[in-house]
Amino acid sequence: MEVVIVPDAKAGGELIAEAMAKLLGRKPGALLGVATGSTPLPVYEALAAKVRSGAVDVGQARIAQLDEYVGLPADHPESYRSVLRREVLEPLGIGMGQFTGPDGTAEDVQGACEAYDKALSDAGGVDLQLLGIGTDGHIGFNEPCSSLASRTRIKTLTEQTRIDNARFFGGDIGQVPHHVITQGIGTILEARHLVLLATGEGKADAVAATVEGPIAAVCPASALQLHPHATVVVDEAAASKLKLADYFRHTYANKPEWQGI
């Protein structure tokens with residue numbers, strides 16, 4: 001995989017937003033897979049700035065969701081559908097008609113998971129999937145020891161994840177759902193381009209295991225090593241445990257500009 005080391009989160013956001021803009025220039029109706037959390041916000045902010053300046057047209061762009069809580073109404077402020085509406089769709093001026101995501105309120109959750117996998121396939125597949133990474137190496141809600149061939153499915157949240165997410169629910173862990181729907185690792189790997197953004201020293205061990213460690217279910221993100229077009233964008237802090245950091249800097253510095261990421 002390609003590793004790009006940037007000075008800070010803002011620079012990473014601008015780099016990835018430029019890649020998205022170029023993709024939309026080539027394919028106006030591209031399907032962009034998006035993630036929630038604080039890490040990808042600089043990407044969405046930089047892409048929104050490009051839209052406002054007229055540098056990119058998102059009129060035909062489509063957005064796909066990575067994961068969703070089970071049991072939260074779609075209009076709940078902390079459902080990931082609502083979060084993405086606030087942080088991605090509205091700033092970009094994209095309507096809900098151009099958005100697709102799993103139904104976390106379905107009575108038949110397994111059926112909803114299978115339906116979402118099919119919806120992504122019927123849409124032609126994800127062109128670029130943006131990913132974050134957990135400190136334990138998880139991507140989406142594929143926690144350690146998830147199958148590397150897994151499809152979209154229901155997962156039980158760890159107690160630590162519920163504690164971490166309680167801040168979004170007024171600090172009340174009792175309000176945090178126990179289950180989520182997440183694209184599986186096998187589903188994620190079907191996207192044409194995977195872009196993982198990681199920032200901060202707290203992600204350094206996970207990044208090193210992803211990039212330089214063995215492919216292993218204990219670090220789900222290591223599955224990106226199997227992908228033909230995976231890009232890992234990290235700031236200096238997140239890159240601090242990489243043994244080949246100097247090599248990655250050298251290769252990116254000498255890469256033809258026209259190739260992009």
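## The second largest pocket

Helix H1 (residues 9-26) gives six residues to the lining of the second largest pocket, the largest share of that lining; helices (H or I, at least four residues) and strands (E, at least two) are DSSP runs, numbered from the N terminus. A pocket here is an open set of points on a 1 Å grid over the protein atoms alone, where a 1.4 Å probe fits, with protein on both sides within 12 Å along at least five of seven lines, and lining residues have an atom within 4 Å of a point.

This is a predicted model, in which local features need pLDDT of at least 70 and side-chain atom pairs count only at pLDDT 80 or more, while totals for chains, interfaces and linings use all residues. Residues are numbered from 1 along each chain as its sequence is written, and side-chain values use heavy atoms, with hydrogens and water left out.

The second largest pocket has a volume of about 400 Å³, a volume being the space filled by probe spheres set on grid points that are joined across faces, edges and corners. Of its 19 lining residues, Ala 19, Lys 22, Gln 259, Gly 260 and Ile 261 lie nearest the centre. The lining comprises eight nonpolar, four polar and seven charged residues, where Ala, Val, Leu, Ile, Met, Phe, Trp, Tyr, Cys and Pro count as nonpolar, Asp, Glu, Lys and Arg as charged, and the others, Gly among them, as polar.

## The largest pocket

The largest pocket, with a volume of about 870 Å³, is lined by 34 residues, and those nearest its centre are Thr 36, Gly 37, His 138, Asn 165 and Arg 167. Strand S4 (67-69), helix H3 (80-92) and helix H5 (159-165) are the elements that each give two or more residues to this lining. By class, the lining of the largest pocket holds 13 nonpolar, twelve polar and nine charged residues.

## Strand pairing

Strand S4 also belongs to an open sheet of three strands, which has the order S4-S8-S7 and antiparallel pairing; two strands pair if DSSP finds at least two bridges between them. S4 and strand S7 (153-156) are the edge strands, each pairing on one side only. S7 and strand S8 (residues 179-182) pair in the antiparallel sense over four bridges, and Lys 155 has Val 180 in S8 as its bridge partner.

Elsewhere, strand S1 (residues 2-6) is largely enclosed by the rest of the structure, because four of its five residues are buried, that is, under 20% relative accessible area with a 1.4 Å probe and protein chains only. S1 pairs with strand S10 (residues 230-235) in the parallel sense over five bridges, and Val 6 has Asp 235 in S10 as its bridge partner.

Key:
Buried means under 20% relative accessible area, exposed over 50%, partly exposed in between (1.4 Å probe, protein chains only).
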